[in-house]
Amino acid sequence: MAQENQTPQQVEPSFEVEYMSRWKLIVRAFKKHKTGRIALVILVIFYALSIFADFFSPVNPYVQNTDRTYAPPSEVLWRVDGKFVGPYIYDVASYRDPVTYQRYYEPASVIQEITGEDTDGNAFSFSLDDPKIQNIFTRFESEIIAVGTEGERTLTKSSKEMKLVPISKKEILRQGGIDTVYNSPEDLEVYLNNPIYSYKMNRIGQLTEIHVDEGIRALNIEFTDGSKKTVEVGSIDDFSFKIFKIKLFNRGWEYKLFGLIPTNLHLFGVDSPAQYYLFGADAYGRDVWTRILFGSRISLSVGFAGILITFTLGLLLGGVAGYYGGWTDETLMRITEILMSIPGLYLLISLRAILPQDLPSHITYLMIIVILSFIGWPGMSRVIRGMVLSIKQTEYVEAARAMGYPTRRIIWRHIIPNTSTYVIVSATLAIPGYILGEAGLSFLGFGIREPQSSWGLMLTQAQKLSVLEQYPWLLLPGVFLFFAILAFNLFGDAVRDAFDPKGLGN
Amino acid sequence: MFKYIVRRLILSIPVLLGVSFLSFIIIQAAPGDFLDQFRMNPTFSQESIRLLEEKFGLNDNFFVQYGKWLFQMVQGNWGHSFQYHQPVFSIIWTRVGATLLLSITTLILSWSIGISVGIFAALRQYRPGDQIASVVAFLGLSIPNFFFALLFLYFAAKTGWFPIGGIMSINSAEFGFWQTIGDYLWHVVGPAITLGFSGLAGVMRQMRGQFLDQMSMDYVEFARAKGMPRRTVVFGHALRNAINPLITMFGYALSSLLGGAVLTETVFSWPGMGRLTIEALNAQDLYLVMATLLLSSLMLIIGNLIADIFLAGVDPRVRKRFQ
């Protein structure tokens with residue numbers, strides 16, 4: 001029985017080896033490789049994102065917004081006053097801390113609608129939906145009053161006209177004005193210790209309370225025809241902030257799909273002037289997500305372009321050295337030895353130093369690929385040479401030579417195809433090296449330059465520790481780099497297993 | 001054995017000559033030279049620039065310059081650094097120390113952990129421990145060095161557990177001997193983990209694979225059938241055979257580490273050879289670049305040689321071939 005059970009198992013592989021082509025067997029072996037399949041899916045997603053980078057980007061990657069330096073990722077909200085309205089964001093207003101000069105952001109928005117009565121008792125109602133109204137500005141006035149045992153005094157009084165109103169001022173708008181009282185010892189301490197106020201504090205005896213009186217005093221309406229109107233606010237009945245809904249298939253900035261078709265369609269986005277920062281902004285206020293997508297075009301393409309050049313060179317020179325032998329072989333091998341004795345990254349940087357620094361961006365890109373390939377070919381051609389040396393001894397090559405085939409034909413038709421398995425497998429495993437090489441060069445400032453984008457270049461901004469600590473989203477390009485390399489490594493492993501003749505046919 | 005080492009060293013001389021000539025071509029092919037900054041500066045007269053050119057030997061023709069440099073180099077005079085106004089030799093000497101310290105710490109760290117985890121994983125093939133180890137290995141092989149360094153810095157800055165760069169604390173001059181060592185170890189953790197993580201992953205994978213191969217060999221089966229204790233089979237027989245390919249790998253690891261870890265050194269502001277080379281290349285400090293490139297190539301060659309010697313020490317078959 002045991003023998004009978006074994007027989008069909010032994011027949012099966014031979015059946016498949018006989019009736020399936022080599023490629024079918026390889027594809028079948030690859031399909032069985034689970035991690036390899038996952039890696040392939042990740043790579044396909046990455047490349048799709050990179051090809052359609054403009055479509056997936058809500059904002060233009062090259063436009064700088066200096067008022068949004070290091071803006072945090074936009075907070076997506078779903079409800080307004082408890083009512084579900086779908087995903088939306090608010091615009092942000094940036095402030096600088098007067099003491100630390102640290103920039104911080106607060107969600108803010110413009111007033112969409114406002115109704116109420118002015119100081120004379122006349123009702124007013126303004127809305128941005130009204131085509132005649134261009135902008136609604138608000139005038140906020142605040143007064144800090146110190147109350148003491150012997151009277152009270154105004155410490156400061158300020159008036160600010162704002163278009164972008166922080167959402168935190170919602171209550172003030174609703175009530176028209178708010179008088180906040182601070183009387184805890186800690187709060188009073190802050191005011192007592194402030195030397196600016198000390199003169200005024202002296203006149204009121206013992207400080208007991210601080211009143212911060214803040215309120216909306218006026219609306220300045222700007223009409224589309226250029227005229228302006230000021231309304232002194234008595235009371236506010238109702239108001240609403242403009243919300244920036246995240247729209248699918250939004251019409252945004254203009255670009256050319258595949259560099260040909262002009263369009264402005266994007267997967268998602270918000271109305272201007274708000275900007276939707278999925279991953280936050282970089283030092284120039286550009287969206288990190290968008291820069292990552294555009295950077296992937298460079299980071300993910302250097303690998304393919306690089307191996308193409310390396311393998312052409314490696315096959316050609318290795319093939320020639322192995323086939324002809326003699327002084328050609330000797331010279332080439334000595335050259336490869338010398339090149340391989342210089343640490344790779346130094347050679348890369350020295351070669352980059354030969355080139356002028358101010359080349360146009362696409363030339364720089366090409367040069368980086370050429371330099372990366374220059375580092376790769378010695379190792380490659382040495383392996384190919386070794387393979388050619390052994391293939392040269394085989395009977396079919398001898399036979400081809402005996403039949404009088406020209407050398408070129410023997411090399412290209414008989415020898416090179418026999419190295420194909422090795423070439424394909426090592427090519428997939430070599431790609432991460434090129435991606436890392438480009439990233440490293442750009443990181444050190446020898447590669448891609450601003451305003452172009454590449455993952456390595458983006459990480460340079462994270463190099464300053466004070467910046468990195470506060471804006472950790474600058475590390476995200478590294479995460480993408482990591483996943484791209486991981487996917488290529490897993491994919492390469494799967495390809496190697498699939499090409500392994502031991503694994504085929506079962 | 002001694003003869004073999006001498007022959008290898010002699011054979012490396014033409015390679016080093018080639019490296020130096022190639023480096024010289026590359027550096028001279030770069031537009032401009034170190035004196036460009038003075039030429040731009042109107043306070044420098046034509047005369048003083050001419051004198052400087054003469055002093056540095058920059059106005060000779062290319063081959064004369066190379067010949068002069070080579071002649072001086074062989075005599076032990078490595079030239080003067082333009083930017084540091086110091087002999088190249090003394091600058092490099094301080095930097096080589098830092099690079100060597102870092103590489104040795106990294107090697108000890110990654111190889112001791114890598115080999116032991118590799119054996120552990122092989123002995124528990126396909127069990128959870130093995131699977132966790134291989135996932136970690138894949139992560140280690142895929143994470144870019146400088147990204148890992150940035151992550152580590154972020155972690156160090158947030159927790160304050162580790163210093164954020166450099167090789168010694170500012171007040172290290174006051175420390176005693178043990179305190180200095182402690183301070184160094186505290187500083188080296190970041191760069192060593194960064195550099196060691198990918199190496200560790202490679203070692204671990206290789207060790208596991210080799211060990212599994214050896215364990216399925218006939219001689220292991222025979223030894224077990226004979227009733228030899230498991231410990232002797234594993235550590236006395238299988239391990240000794242499995243370790244050979246790793247020693248070749250050790251040579252590559254050593255040479256690549258000695259060649260400098262530019263990116264890691266940059267992120268951690270480690271005063272090693274890598275950063276020195278980059279700075280020198282940027283400033284077109286000709287003789288300093290030449291010396292660093294040549295020295296790192298020499299280290300690469302020596303690293304490979306050391307690996308071969310180790311291999312001979314472990315494997316009697318290789319030793320026999322040398323004699």
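Predicted model: local features only at pLDDT ≥ 70, side-chain atom pairs only at ≥ 80, totals over all residues.
Visitor: Which residues line the largest cavity?

Guide: The lining belongs to chain A and includes Asp282(A), Arg286(A), Glu450(A), Trp473(A) and Pro477(A). Two elements of chain A, helix H8 (288-324) and helix H15 (455-460), each give two or more residues to this lining. By class, the lining comprises six nonpolar, one polar and four charged residues.

Visitor: How many residues of chain B are in contact with chain A?

Guide: Contact is judged from heavy atoms within 4.5 Å. Here 42 residues of chain B are in contact with 39 residues of chain A. Between them the chains bury about 3500 Å², 80% of it on carbon and sulfur atoms.

Visitor: Which side chains meet in a salt bridge between the chains?

Guide: The count between chain B and chain A is one salt bridge. Arg205(B) and Asp493(A) form it through their side chains, at 3.7 Å, N to O.

Visitor: Which helix gives the largest share of the side of chain B that touches chain A?

Guide: Helices giving two or more residues to that side include H1 (2-29), H6 (128-142) and H14 (286-314) of chain B. The largest share, eight residues, comes from H7(B). By class, this side of chain B has 29 nonpolar, 11 polar and two charged residues.

Conventions:
Residues numbered from 1 in each chain as written. Chains lettered and ligands numbered in written order. Heavy atoms only, no water. 1 Å grid on protein atoms, 1.4 Å probe; cavity = no way out; pocket = protein on both sides within 12 Å on 5 of 7 lines; lining within 4 Å. Helix = DSSP H or I, 4+ residues; strand = E, 2+ residues; numbered from the N terminus. Nonpolar A, V, L, I, M, F, W, Y, C, P; charged D, E, K, R; others polar. Buried area = accessible area lost by both parts, 1.4 Å probe. Salt bridge = Lys/Arg side-chain N within 4 Å of Asp/Glu carboxyl O.
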